[in-house]
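User: Could we go through this structure together? I would like to start with the ligand site.

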Amino acid sequence: MGGKHYLPLTDEDRREMLAEIGVSSVEDLFSDIPREVRLQRELELPSPLSEYEAFKHLNELASKNKHFNNCVSFMGAGVYDHFIPAVIKHITGRSEFYTSYTPYQPEISQGVLQAIFEYQTMICQLTGMEVANASMYDGGTAVAEGAVMGCGATRRSKVLVSRSVSPLYRAVLDNYFNSRGLEVEEIPIKDGYTDRSELENKMGDDIATVILQQPNFFGLVEDMEGIADMVHGHKAVLLVSADPLSLPLLQAPSEYGADIVVGEGQGLGVPASFGGPLLGIMAAKSKFVRQMPGRIAGETVDSEGNRGYVLTLQTREQHIRREKAPSNICSNEALVALGAAVYMAAMGPQGMREVAEQCLQKAAYARESITALKGYDDVYAGSTFKEFTVTVPGDPAELNKKLLEKNILGGVDLAPFYPELKNAMLFAVTEKRTKEEIDTLVRELEGWK
Amino acid sequence: MRKSKALLFEMSRPGRRGYSLPSNDVPEKSLDELLPRKAQRSEPLELPELSEVGVVRHYTELSTRNFGVDTGFYPLGSCTMKYNPKINEEVAVLPGFAFMHPCQPEETTQGALELLYNFEQGLKELTAMDRFTMQPAAGAHGELTGLMVIQAYHRSRGDHNRNKVLIPLSAHGTNPATVSMAGYEVVQIPCDDRGLVDLDALKEAVDETTAALMLTNPSTLGLFEEEIIPMAKAVHEVGGLLYYDGANLNAIMGYTRPGDMGFDVVHLNIHKTLSTPHGGGGPGSGPVGVKERLIPFLPVPLVSKEEDRFYLDYDVPETIGKMHSFYGNFGVAIKAYTYMRMMGAEGLKEASTDAVINANYLMSLLKKTYYVPYDRICKHEFIVSAKPEKKKGAGAGDIAKALLDRNFHPPTVYFPLIVDEALMIEPNDTEAKETLDAFAATMEQIAKDIDEDAEKVAHGPYNTVVGRLDEVRAVRNPVLIWQKDKE
Ligand SMILES: Cc1ncc(COP(=O)(O)O)c(C=O)c1O
């Protein structure tokens with residue numbers, strides 16, 4: 001019945017064990033719970049399901065949802081329908097990995113530790129940074145914690161964030177900063193880009209971190225030239241949230257002087273899963289490592305000189321430093337990071353570049369085709385990577401309803417995030433989309449209104 | 001059998017490929033037409049190049065160098081390393097869950113929202129809370145969410161002088177770290193000689209600057225805080241709130257509920273109590289539940305129901321905002337919900353019963369050989385102090401290494417900080433009596449080995465793929481990534 005087969009004790013075991021303990025009943029083991037707080041009834045939960053019944057129930061719930069396998073998706077805003085190689089699931093499904101805890105005992109955790117070390121290395125190869133951690137919860141929390149790192153490194157308490165950074169990330173940032181009494185100020189946008197002169201006006205010696213996103217939330221490629229020099233001129237820190245899949249084509253953030261690079265790693269072979277678990281990427285120049293939150297794996301040797309890996313620099317972390325720790329993060333997204341590492345290893349430099357190129361080409365084709373339609377225009381001009389914004393001739397929610405009839409998951413409505421942008425949508429086009437799928441989308445848009 | 005394993009980078013061969021992509025079927029433009037030259041990458045991308053089979057063999061070998069719950073007994077205290085049911089893994093990857101975009105129109109997400117809604121109803125009943133958010137991605141993230149909600153509540157009442165959060169000395173490190181992150185000051189409350197929070201010290205410490213008391217009950221010593229009622233009263237009387245760190249809920253399901261004990265806010269580590277795997281460090285999930293008066297402050301969106309329709313509810317008047325880019329670790333919630341549905345009320349209570357029987361049984365076996373500083377009925381875990389063994393030359397950490405040689409995952413060591421040479425042992429509900437007997441016998445043997453040759457024990461392990469690793473060197477000379485020119 002139900003899940004009781006997960007509990008191996010037999011009645012006989014229990015009797016023997018209670019005797020060994022020296023109590024006469026199970027009740028005696030709970031006698032330390034004061035009567036007043038004891039639950040005087042049984043919990044009221046739905047009656048237990050057998051494994052097959054549970055499968056059926058969950059399968060029914062799952063079948064009520066639309067998804068990337070029965071729809072063609074043009075949704076983005078941080079989570080995308082990228083191709084996921086089959087190898088990933090088979091590796092992350094090895095239970096020596098997925099049923100282990102954080103590798104506190106390195107001698108029997110070399111698998112996870114080496115995988116983290118390799119993940120850190122590949123993240124640094126992509127970003128041009130010198131250290132990376134084992135993961136943060138998601139892109140949003142990585143932005144917030146990265147901004148805090150900047151405050152720690154500069155001993156300042158105010159950050160500037162561009163309005164072209166994902167509004168979802170900015171919401172998390174605001175929340176983190178508000179509660180600990182740190183200040184966030186927004187840099188306005190001009191034509192969809194970070195307004196450079198506003199940034200320069202607001203910049204000062206009180207600013208800890210300047211936060212930009214590349215490509216920005218609208219898919220636009222920001223001009224990064226000269227920004228780092230200006231930020232560093234005030235001894236502040238430049239934090240960039242980057243899409244890892246753009247980096248084979250776009251400048252490594254190190255090339256334009258970024259100090260901390262964060263980002264959402266979902267594109268690296270991670271199922272979208274209705275928005276979680278995701279993968280917060282965090283990397284930095286090595287001089288910031290003491291302020292970096294989270295687990296970090298490092299290389300060392302054993303008693304006989306064999307190379308091995310351990311969690312290191314742990315004096316940064318909550319379990320040692322307690323209230324002085326830069327962050328409280330403990331559990332992270334290790335298995336997701338493992339999947340991302342398998343992705344990067346399988347794709348290699350060529351595969352990653354091909355993915356990036358196809359995103360770029362296919363998105364450009366879609367953008368050009370859509371904006372050629374009457375009633376559909378660029379919201380913002382300029383180069384985009386895999387996302388772009390267009391104004392549509394009507395309510396985006398209605399348009400998406402219509403697209404859904406053709407099993408198309410349309411674009412993301414921008415109005416909830418940018419009230420000034422009415423009837424504007426953000427479309428994402430990944431390497432998975434075909435010309436035919438894009439053409440179908442375009443036809444549907446053309447036939448609307 | 002000792003050997004290190006080559007890194008991906010050392011196996012890379014130029015031109016080798018491990019992927020297959022469709023070809024680009026749209027009219028192609030030159031790169032320079034699509035991206036400004038100066039925005040293009042000029043640094044070469046140095047990722048490794050491997051074949052698919054090369055990748056698979058590499059990671060398969062790595063997996064053999066790792067120990068999980070499926071490998072063997074894993075009594076890692078505070079972490080609740082119970083068995084992770086396989087059905088959970090199967091349902092979480094159903095395409096109707098795994099391949100959903102978080103911004104899909106509501107009518108295409110009804111199954112997912114229904115699951116989250118019903119999961120919430122279960123969590124409410126389990127904890128006696130009135131509403132839950134699923135946004136926190138782990139326990140510590142839940143702690144931060146909870147403290148932010150508490151802060152927003154006090155601020156909404158114009159109560160701006162509450163700048164302190166009380167935590168017992170035995171608290172998990174995430175508790176004090178969270179307190180600072182939320183902008184509060186930590187006030188440490190000592191434990192009495194029974195290992196329980198010192199009630200007099202608590203009464204002494206509370207005043208109108210107290211924002212909250214953070215507590216896990218049972219505590220990290222595995223002991224139920226018997227004086228929870230007067231403790232709650234003392235905090236509530238000065239206008240403070242009670243925060244429950246639910247990492248240890250596995251001991252009390254169906255017996256008592258945080259809400260009934262007087263707690264106002266709760267986080268659960270569903271990757272502990274509700275059987276979802278730890279993944280080598282994550283993903284977890286840390287839903288936060290609150291009592292009625294705190295609902296207006298929860299993060300947005302909540303999941304609500306109107307007639308037969310489920311929806312993401314942004315109508316939370318005084319919300320703290322967002323804690324996660326989307327709705328938290330949905331993929332983990334699926335697994336915990338499945339577990340809850342399979343266990344039902346009776347099964348969950350039996351899990352707690354067995355967790356507590358196993359812990360008390362193992363304690364009673366071990367105390368024949370080892371020093372148990374709090375020798376009384378425990379809940380799901382207990383503490384052994386290896387102080388006597390340490391005097392002989394091998395302490396808690398060395399005992400842990402000796403266990404590695406005998407195919408057991410060791411207990412948590414050197415935590416809680418208030419016990420010298422602590423070994424924190426949590427056997428869990430999913431272990432058989434024979435496993436505990438074998439573990440106890442092994443621990444007894446290790447004690448004998450220490451008596452005979454402590455020096456030898458202090459230099460273990462001997463049978464693992466690498467020997468004891470030099471953690472000091474890793475800190476002194478940090479090598480945090482592989483570098484081509486350094487090899
Ligand atoms: C008592 C206690 N509180 C909080 C946490 C933190 O939980 P998480 O690792 O999910 O952030 C843990 C986990 O180790 C714990 O044992």
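**Ligand site and a sheet**

Analyst: In this predicted model, a polar backbone atom of A140(B) lies 2.7 Å from an oxygen atom of the ligand; a polar contact is a pair of N or O atoms within 3.5 Å. Taken alone the ligand exposes 390 Å², and the protein buries 99% of that (Shrake-Rupley method, 1.4 Å probe).

User: Which polar side-chain atom lies 3.2 Å from an oxygen atom of the ligand?

Analyst: That atom belongs to Y101(A). A polar backbone atom of G139(B) is 2.7 Å from an oxygen atom of the ligand.

User: Why is the site shared between chains?

Analyst: The site is shared because residues from chains A and B surround the ligand. Of the 15 residues around the ligand (a heavy atom within 4 Å), those that come nearest are S331(A), S78(B), A140(B), D245(B) and K272(B).

User: What contributes the largest share of the shell?

Analyst: Helix 6 of chain B (residues 139-156) does, with 3 residues; helices are DSSP runs of H or I, at least four residues, and strands are E runs of at least two, numbered from the N terminus.

User: Changing topic, what is the strand order of the open sheet in chain B?

Analyst: The 3 strands have the order 10-12-11, with antiparallel pairing; two strands pair if DSSP finds at least two bridges between them. The edge strands are strand 10 (382-385) and strand 11 (412-413) of chain B. T412(B) has M424(B) as its bridge partner in strand 12 of chain B.

User: What conventions apply?

Analyst: Residues are numbered from 1 along each chain as its sequence is written, while chains are lettered from A and ligands numbered from 1 in the order in which they are written. Local features need pLDDT of at least 70, side-chain atom pairs count only at pLDDT 80 or more, and totals for chains, interfaces and linings use all residues, while side-chain values use heavy atoms, with hydrogens and water left out.

Conventions
Polar contact = N/O pair within 3.5 Å; in protein donor to acceptor, adjacent residues only side chain to side chain.
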